[in-house]
Amino acid sequence: MKKKSSGRVEYQSAESFNQLTKLQEMAISQENVSLALKAEELKGKLAGLYSDKKELEEIDTTPLEIKIVK
């Protein structure tokens, strides 16, 4: 369990996960699919399943040589 401390406030990831679960349940009970999905996404990020990191794929821009054979 990770603890993040900043001054007087201690924040634990388990507390955040539990709170997101409660919010997700509320969203489901109100049939708010987008909020339920967002809570699921945030829970996954908190658990380390997803990353915000976007990797750019390098594209080879070298022109191709094409030979036409008759």
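Along its sequence, the chain follows the pattern β-β-α-α. It holds 2 helices and 2 strands, where helices (H or I, at least four residues) and strands (E, at least two) are DSSP runs numbered from the N terminus. This is a predicted model, in which local features need pLDDT of at least 70 and side-chain atom pairs count only at pLDDT 80 or more, while totals for chains, interfaces and linings use all residues. Residues are numbered from 1 along each chain as its sequence is written, and side-chain values use heavy atoms, with hydrogens and water left out.

**Chain surface**

- Of the 70 residues in the chain, 13% are buried; buried means under 20% relative accessible area, exposed means over 50%, and partly exposed lies in between (1.4 Å probe, protein chains only).
- The chain has an accessible surface of about 7,100 Å², and carbon and sulfur atoms account for 54% of this area; the areas come from the Shrake-Rupley method with a 1.4 Å probe.

**The helix pair**

- Two packed helices are described by the angle between their axes and the distance between the axes.
- Helix α1 spans residues 13–29 and helix α2 spans residues 33–46; their axes come within 8 Å and cross at roughly 165 degrees.
- Because of this angle, α1 is roughly antiparallel to α2, a label for angles over 145 degrees.
- Axes are lines fitted to C-alpha atoms, for helices over the stretch in contact, and angles run from 0 to 180 degrees between N-to-C directions.
- The crossing of α1 and α2 is left-handed, meaning that the near helix is turned anticlockwise from the far one by less than a right angle.
- In α1, the residues that meet α2 include Ser13, Phe17, Leu20 and Ile28, and their partners in α2 include Leu35, Ala39, Lys43 and Leu46; contact means heavy atoms within 4.5 Å.
- The residues of this contact divide into 9 nonpolar, 4 polar and 2 charged; Ala, Val, Leu, Ile, Met, Phe, Trp, Tyr, Cys and Pro count as nonpolar, Asp, Glu, Lys and Arg as charged, and the others, Gly among them, as polar.

**Phe17**

- Phe17 lies in helix α1 and counts as partly exposed, at 33% relative accessibility.
- Leaving aside residues up to four places away in sequence, Phe17 touches Lys43 and Leu46.
- Phe17 and Lys43 are 26 residues apart along the chain, and their C-alpha atoms are separated by 5.9 Å.

**Glu31**

- Glu31 is placed in the loop between α1 and α2.
- The phi of Glu31 is near 55 degrees, a positive value in a residue other than glycine.
- Glu31 is exposed, with a relative accessible area of 70%.

Methods: Parallel < 35°, antiparallel > 145°, perpendicular 65-115°, else oblique.
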